[in-house]
Amino acid sequence: MYDDNNIFAKILRGEIPCNKVYEDDATFVFMDIMPRSSGHCLVIPKSPARDIYDCDEAALAAVMKTTKKIAIASKKAFDADGITVQQFNESAGGQVVFHLHVHVIPRFEGVKLRPHSGDIEAANMLVENADKLIAALS
Ligand code: 5GP
């Protein structure tokens, strides 16, 4: 069952802050506060969905359309060698926040991902990376 008080629902309602990168009618994109690589951001549907099982197909398609847009922008913004796209379902699947989201993570040859839910990124770095993505999208 979808919990309306999850952290991403609160971000969507503007109840807690985030570093916004992009939004359209169906999706919202913001920086991951504990990035596994600098520039790591998250794509979410605006409509409530706990995970891939209960997500409306049109919302999921919109999320993937935005994910492609952001992956291209991320490669450009960070001059990345590659992009990792991840989506986790249920605790056993690695999910921590129960509003469906897709991770878009810039990758560099020979550089391993940092731990999942590791250190909180410096606020100025989150702003800088969001600005780079916004510029690459325009
Ligand atoms: P997952 O649920 O797929 O395991 O990952 C949840 C992601 O949300 C993690 O990468 C974590 O760093 C990120 N995250 C958790 N809490 C917050 C938050 O309050 N703000 C932002 N921007 N990201 C968060």
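The model is a predicted one. Its protein chain holds three helices and five strands. In sequence order these elements give the pattern α-β-β-β-α-β-β-α. The radius of gyration of the protein chain is 14 Å, close to the 14 Å that the globule rule gives for 138 residues, so the chain is as compact as a globular protein of that length. The C-alpha trace spans about 40 × 30 × 25 Å along its principal axes. Of the 138 residues, 41% count as buried. Among contacts between residues at least 6 apart in sequence, 62% join residues at least 24 apart.

The strands come next. Strands of a sheet pair through backbone hydrogen bonds, either parallel or antiparallel. Here, five strands form an open sheet with antiparallel pairing, in the order β1-β2-β3-β5-β4. Strands β1 and β4 (82-86) stand at the edges, and each has a single partner strand, so one side of each is left without a neighbour in the sheet. On average, neighbouring strands of this sheet are turned by 20° against each other, direction ignored. Within the sheet, β2 and β3 run antiparallel and are joined by five bridges. Phe28 has Ile44 of β3 as its bridge partner.

Two helices pack on this sheet. Helix α2 touches β1, β2, β3, β4 and β5 (102-107). The direction of α2 makes about 15° with that of β5. Helix α3 packs on the sheet as well, touching β1, β2 and β3. The direction of α3 makes about 30° with that of β1.

The buried residues of α3 are Leu126, Asn129, Ala130, Leu133 and Ala136. These residues cover an arc of only 125° around the axis, which puts them on the same side of α3. The spacing fits a general rule. An α-helix has 3.6 residues a turn, so residues three or four places apart point the same way. On the other side of α3, Ala123 and Asn124 are exposed. The cover over the buried residues of α3 includes β1 (20-23), β2 (27-31), β3 (41-45) and α2 (57-78).

Note on methods. Residues are numbered from 1 along each chain as its sequence is written. This is a predicted model: local features need pLDDT of at least 70, side-chain atom pairs count only at pLDDT 80 or more; totals for chains, interfaces and linings use all residues. Side-chain values use heavy atoms; hydrogens and water are left out. Buried means under 20% relative accessible area, exposed over 50%, partly exposed in between (1.4 Å probe, protein chains only). Helices (H or I, at least four residues) and strands (E, at least two) are DSSP runs, numbered from the N terminus. The arc is that of the directions from the helix axis to the C-beta atoms. Contact means heavy atoms within 4.5 Å. Two strands pair if DSSP finds at least two bridges between them. Axes are lines fitted to C-alpha atoms, for helices over the stretch in contact, and angles run from 0 to 180 degrees between N-to-C directions. The radius of gyration is taken over C-alpha atoms; the globule rule is 2.2 Å times the number of residues to the power 0.38.
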